[in-house]
Amino acid sequence: MEPSFYDQVYEIVRLIPKGRVTSYGAIAKSLGAGSSSRLVGYAMNNAHGILPKIPAHRVVNRNGLLTGKFHFSPPALMQQLLENEGLVIIEDKIQGFKAHFWDPATEL
DNA sequence: TTAATGACCTCCG
DNA sequence: TCGGAGGCCATTA
């Protein structure tokens with residue numbers, strides 16, 4: 001298996017510091033494929049069986065909305081993990097998302 | 001090889 | 001302000 005788009009996504013997601021979050025589009029853009037935002041989410045779909053475990057709960061859409069929480073088991077786990085890291089989630093939305101935003105293109 | 005899928009993003013009415 | 005539709009591209013069957 002050569003390094004694919006998936007591996008790029010997994011590696012960046014694993015690099016997200018604790019208590020920080022990023023967006024699918026930001027990851028895709030940092031990979032040089034700003035139009036491939038959907039691929040990031042698609043990669044996460046396979047991330048369930050990837051080791052080490054992927055902190056997919058730190059990845060949300062550009063609005064800071066937990067769009068993919070339903071892919072967790074249970075769905076509330078995503079919010080629970082984020083709150084455990086000191087983030088505040090209200091209505092499936094990250095409060096102060098911009099303040100906790102972690103841009104891979106900038107941090108890397 | 002062709003066709004279908006998707007945890008998104010952006011534009012238009 | 002809110003809702004709907006289209007486009008983007010890699011992976012899988």
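Student: Why is helix 1 called roughly perpendicular to helix 3 in this predicted model?

Tutor: The axes of helix 1 (residues 5-14) and helix 3 (residues 37-46) cross at roughly 80 degrees and come within 9 Å. Axes are lines fitted to C-alpha atoms, for helices over the stretch in contact, and angles run from 0 to 180 degrees between N-to-C directions. Angles under 35 degrees count as roughly parallel, over 145 as roughly antiparallel, 65 to 115 as roughly perpendicular and the rest as oblique. Helix 1 is therefore roughly perpendicular to helix 3.

Student: What makes a stretch a helix or a strand, and how are residues and chains labelled?

Tutor: Helices (H or I, at least four residues) and strands (E, at least two) are DSSP runs, numbered from the N terminus. Residues are numbered from 1 along each chain as its sequence is written, while chains are lettered from A and ligands numbered from 1 in the order in which they are written. The model is predicted, local features need pLDDT of at least 70, side-chain atom pairs count only at pLDDT 80 or more, and totals for chains, interfaces and linings use all residues; side-chain values use heavy atoms, with hydrogens and water left out.

Student: Which residues of helix 1 and helix 3 meet?

Tutor: Phe5, Tyr6, Val9, Tyr10 and Val13 of helix 1 meet Leu39, Val40, Tyr42, Ala43, Met44 and Asn46 of helix 3, where contact means heavy atoms within 4.5 Å. By class, this contact has ten nonpolar residues, one polar and no charged. Ala, Val, Leu, Ile, Met, Phe, Trp, Tyr, Cys and Pro count as nonpolar, Asp, Glu, Lys and Arg as charged, and the others, Gly among them, as polar.

Student: What surrounds DNA strand C?

Tutor: A residue is near a strand if one of its heavy atoms lies within 4 Å of it. DNA strand C is surrounded by Ser4, Phe5, Tyr6, Ser35, Ser36, Arg38, Leu39 and Tyr42. Of the atoms of DNA strand C within 4 Å of the protein, 55% belong to sugar or phosphate and the rest to bases. Helix 1 and helix 3 are the elements that give two or more residues to this surface, and helix 3 gives the most, with three residues. The residues of the surface divide into four nonpolar, three polar and one charged.

Student: How do you know that Arg38 has a polar contact with DNA strand C?

Tutor: A polar contact is a pair of N or O atoms within 3.5 Å; within protein, one must be able to donate a hydrogen and the other to accept it, and residues adjacent in sequence count only if both atoms are side-chain atoms. A polar side-chain atom of Arg38 lies 2.9 Å from a base oxygen of DNA strand C, and this pair therefore qualifies. A backbone N or O atom of Phe5 lies 3.4 Å from a phosphate oxygen of DNA strand C.

Student: Which polar atoms approach DNA strand B?

Tutor: A backbone N or O atom of Met44 lies 3.0 Å from a base nitrogen of DNA strand B.

Student: Are Ser23 and Lys69 buried or exposed?

Tutor: Ser23, at 6% relative accessibility, counts as buried, and so does Lys69, at 14%. Ser23 is found in strand 1 (residues 22-23), and a polar atom of its side chain lies 3.2 Å from the backbone nitrogen of Ala26. Lys69 is placed in the loop between strand 2 (59-60) and helix 4 (76-84). Leaving aside neighbours within four places in sequence, Lys69 is in contact with Pro75, Met78 and Asp92.

Key. Buried means under 20% relative accessible area, exposed over 50%, partly exposed in between (1.4 Å probe, protein chains only).
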